[in-house]
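Hello,

Below is the structure I said I would pass on. My notes on what I found in it follow.

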Amino acid sequence: MVRYTFILLLFGCASVKPTTNFSFDNKFIQYEGRVGHTPEAAELYWSGTTVRLRFKGTGIKALMKDWNGQNYYNVIIDGQLVSRIKPDSTLRYYALAENLPKGTHTVELFKRTQIHKEYKRGYTRLYGFEVNGKLLPPPPLKKRKMEFYGNSVTCGHAIEDTTGGDSGASQYENNYLAYGAVTARHFNAQYHCIAKSGIGLMVSYAPAIMPEMYNLLNPFDSTSRWDFSKYTPNIVVVNLLQNDNGIIPRPELDAFKRRFGTKQPTDTDIVNAYQAFIRQLRTHYPNAHIICALGSMNTTQEGARWPGLVQQAVTGLNDKKVYTHFFKYMGRPAHPRVKDNAAMAESLIAFIEKNIVW
């Protein structure tokens, strides 16, 4: 079992500053998101997972090892985004901040990238921190809580791809700028993001659909289970059906055949499946406001069938705390970029401020 609790003392050398090492499970390290814990390390799976701590000193390093070196993390010091790191598959320290002004600082590691087996992108293990100074109690957890369920749009897939393409490569993904994370920061809310590129409500490009994945701790382990009692959001946002839209009209696709065989699902089938998922969320969160969102890709373009189906499903639920909110179609087939997500966040923020008291 790895533990980092020793202190490197000064040995009469004035140029050396005391450095303290802390294990991942130190009570002063704060986690936000669905995080696994082994005896040796914390496992960071989902987009938007955040690790946060406060210290009094001038520098900090993180001891990390990635599954295969395909994840990126934003480094946020005292509320300012200062850099990003890409841990590789070798266990080693990564400098998060150096030569800071003497005093108290808050550091956050924010997972920009999704876990995705088909992309050969896994999770990261965090073993601990090396602090040039003294670890302090973390800031209080934010009182408001939000949770987002979605696909590549919610992940922030290709959000920073300025090459003219629409790449799923990890360097172009940045969940920090995706509409959900932006919205949560606006409301000073905790943020959980359960999202994966290619996933759908009834059918996905990958084997699992959201009703089979939404309750997992580790998406790589279908037997793992998240304990919903650990986090009860005030607001849940569900933004699905983009991938159903891409597959259901195409019975020749393997993904279609895997789910439906040769029978095309009807509108009633889709409405029933949508209602079943929202009801399942309601069993975990009896008092949450649930926003059934859609867009901003072609599920909300003029003439699309999907907004009507979502509205029909929500109306049929007869639940006063379930709402619909549709993002304006951005007018092109690619994934939403930074400015598109900013517009989505602005739209969602306005909707929440008008319709929900929390």
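Leucine 241 sits in the loop that links strand 14 to helix 4 (242-247). Please bear in mind throughout that this is a predicted model. Leucine 241 is not a glycine, yet its phi is positive, about 90°. With a relative accessible area of 1%, below the 20% cut-off for burial, leucine 241 is buried.

One of the residues touching Leu241 is threonine 299. Threonine 299 belongs to the loop between strand 15 and helix 7 (306-317), and its relative accessibility of 1% makes it buried too. Leaving out residues up to four places away in sequence, the contacts of threonine 299 are Leu241, Gln242, Asn245, Leu294, Ala304, Trp306 and Pro307. Tyrosine 329 is 30 residues from threonine 299 in sequence, and the two C-alpha atoms are 7.7 Å apart.

The loop between strand 15 and helix 7 also holds serine 296. The peptide bond leading from glycine 295 into serine 296 is cis, with omega near 10°.

Helix 7 itself contains glutamine 312. That residue is partly exposed, at 45% relative accessible area. Beyond its neighbours within four places in sequence, glutamine 312 contacts Val271 and Gln275. Isoleucine 209 is 103 residues from glutamine 312 along the chain, with 21 Å between their C-alpha atoms.

Five strands make up an open sheet with parallel pairing, in the order 13-12-14-15-16. Which strands stand at the edges? They are strand 13 (189-195) and strand 16 (322-326); each has a single partner strand, so one side of each has no neighbour in the sheet. From one strand to the next the twist averages 20°. Within this sheet, strand 12 (residues 144-150) and strand 14 (residues 235-239) run parallel and are joined by five bridges. Glycine 150 has asparagine 239 of strand 14 as its bridge partner. Helix 6 (residues 267-284) lies across strands 12, 14, 15 (289-294) and 16, and its direction is at about 150° to strand 15.

Helix 2 is worth a look as well. Helix 2 (residues 179-186) packs against helix 8 (residues 338-355) at an angle of about 45°, and the axes are 8 Å apart. At that angle, helix 2 is oblique to helix 8. The crossing of helix 2 past helix 8 is right-handed. On the helix 2 side the contact is made by Tyr179, Val182, Thr183 and His186, and on the helix 8 side by Asn341, Met344, Ala345, Leu348, Ile349, Ile352 and Glu353. By class, the residues of this contact are seven nonpolar, three polar and one charged.

Which residues of helix 2 are buried? They are Tyr179, Gly180, Ala181, Thr183 and Ala184. Their cover includes strand 10, strand 12, helix 1 (152-155), strand 13, strand 14 and helix 8. After helix 2 comes asparagine 188, which has a positive phi near 50°.

Strand 7 (residues 73-77) is mostly covered, with five of its five residues buried. In a regular strand, side chains alternate between the two faces of the sheet. Here Tyr73, Val75 and Ile77 point one way, while Asn74 and Ile76 point the other way, and all are buried.

Strand 7 pairs with strand 8 (residues 80-85) in the antiparallel sense, over five bridges. Tyrosine 73 has isoleucine 85 of strand 8 as its bridge partner. The hairpin of strand 7 and strand 8 has two residues between the strands, and aspartate 78 there takes a positive phi near 50°. Strand 7 is also joined to strand 10 (residues 104-111) by five bridges, and these two strands run antiparallel. In that pairing, valine 75 stands opposite leucine 109 of strand 10.

Asparagine 99 has a positive phi, near 55°, in a residue other than glycine. Is asparagine 99 buried or exposed? Its relative accessibility is 76%, so asparagine 99 counts as exposed.

Regards

Technical notes. Residues are numbered from 1 along each chain as its sequence is written. This is a predicted model: local features need pLDDT of at least 70, side-chain atom pairs count only at pLDDT 80 or more; totals for chains, interfaces and linings use all residues. Side-chain values use heavy atoms; hydrogens and water are left out. Axes are lines fitted to C-alpha atoms, for helices over the stretch in contact, and angles run from 0 to 180 degrees between N-to-C directions. Helices (H or I, at least four residues) and strands (E, at least two) are DSSP runs, numbered from the N terminus. Angles under 35 degrees count as roughly parallel, over 145 as roughly antiparallel, 65 to 115 as roughly perpendicular and the rest as oblique. A crossing is left-handed if the near helix is turned anticlockwise from the far one by less than a right angle, and right-handed if clockwise. Contact means heavy atoms within 4.5 Å. Ala, Val, Leu, Ile, Met, Phe, Trp, Tyr, Cys and Pro count as nonpolar, Asp, Glu, Lys and Arg as charged, and the others, Gly among them, as polar. Two strands pair if DSSP finds at least two bridges between them. Buried means under 20% relative accessible area, exposed over 50%, partly exposed in between (1.4 Å probe, protein chains only).
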